[in-house]
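Trainee: I would like to go through the labels on this structure and check each one against its cut-off.
Mentor: Go ahead.

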Amino acid sequence: MLFRSRKAIPMLLEWSPQHELGVTRMDATHREFVALVNSLFEASDADMLASLDALIAHTVEHFEQENRWMEETNFPPVGCHKQEHDSVLEIMREVRSRYLAGETDLGQKLAEELPHWFEHHVDTMDNMLARFMIAWNATPAPAAEQTPA
């Protein structure tokens, strides 16, 4: 899914207005994800593991938050969306494990592929979720409340 057979074009992930989905908490979480992907991309060898760990920790919370919103709003394609979340986290964890086993180039490869995945995921799956939530007036409350408003 993330690692394609074609050569990835290394790039930083740039935030743009096209990433704004109209759900404030979702947009803020996506901005954090972009910043962490870029930190991973720019990490030195000495900082790679810490950057990868920070990205994984954020992504766990990020995906759990979206999964809660989908469950709470009865979002119809919850299964497909959650399955993609699970797959991406599995890849991130596998990269970490293999990095620790000596495949130190994988952190950088992950950082090169995540921008491509993120662009597609936001344009499709997260866009549908945001539109669904807005249509049903289910814009999420602050994270501390954990339930749609």
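Trainee: Where does Asn74 lie?
Mentor: Asn74 lies in the loop between H2 and H3. Helices here are DSSP runs of H or I with at least four residues, strands are E runs of at least two, and both are numbered from the N terminus. This is a predicted model, in which local features need pLDDT of at least 70 and side-chain atom pairs count only at pLDDT 80 or more, while totals for chains, interfaces and linings use all residues. Residues are numbered from 1 along each chain as its sequence is written, and side-chain values use heavy atoms, with hydrogens and water left out.

Trainee: Why is Asn74 called exposed?
Mentor: Exposed means over 50% relative accessible area, buried under 20%, and partly exposed in between, with a 1.4 Å probe and protein chains only. Asn74 has 63% relative accessibility, so it counts as exposed.

Trainee: What is the phi of Asn74?
Mentor: Asn74 has a positive phi of about 55°, although it is not a glycine. Most residues other than glycine have a negative phi.

Trainee: Why is Thr59 called buried?
Mentor: The relative accessible area of Thr59 is 0%, so Thr59 is buried. Thr59 is found in helix H2.

Trainee: Which residues does Thr59 touch, not counting those up to four places away in sequence?
Mentor: On that count, Thr59 touches Phe33, Leu89 and Met92. Contact means heavy atoms within 4.5 Å.

Trainee: Why are H2 and H3 called roughly antiparallel?
Mentor: The axes of H2 (residues 48-72) and H3 (residues 78-100) cross at roughly 165° and come within 10 Å. Axes are lines fitted to C-alpha atoms, for helices over the stretch in contact, and angles run from 0 to 180 degrees between N-to-C directions. Angles under 35 degrees count as roughly parallel, over 145 as roughly antiparallel, 65 to 115 as roughly perpendicular, and the rest as oblique. H2 and H3 are therefore roughly antiparallel.

Trainee: Is Glu42 buried or exposed, and what makes it so?
Mentor: Glu42 has 57% relative accessibility, so it counts as exposed. Glu42 lies in helix H1 (residues 24-42).

Trainee: How many helices and strands does the chain have?
Mentor: The chain has four helices and zero strands, in the pattern α-α-α-α along the sequence. Buried residues make up 44% of its 149 residues.
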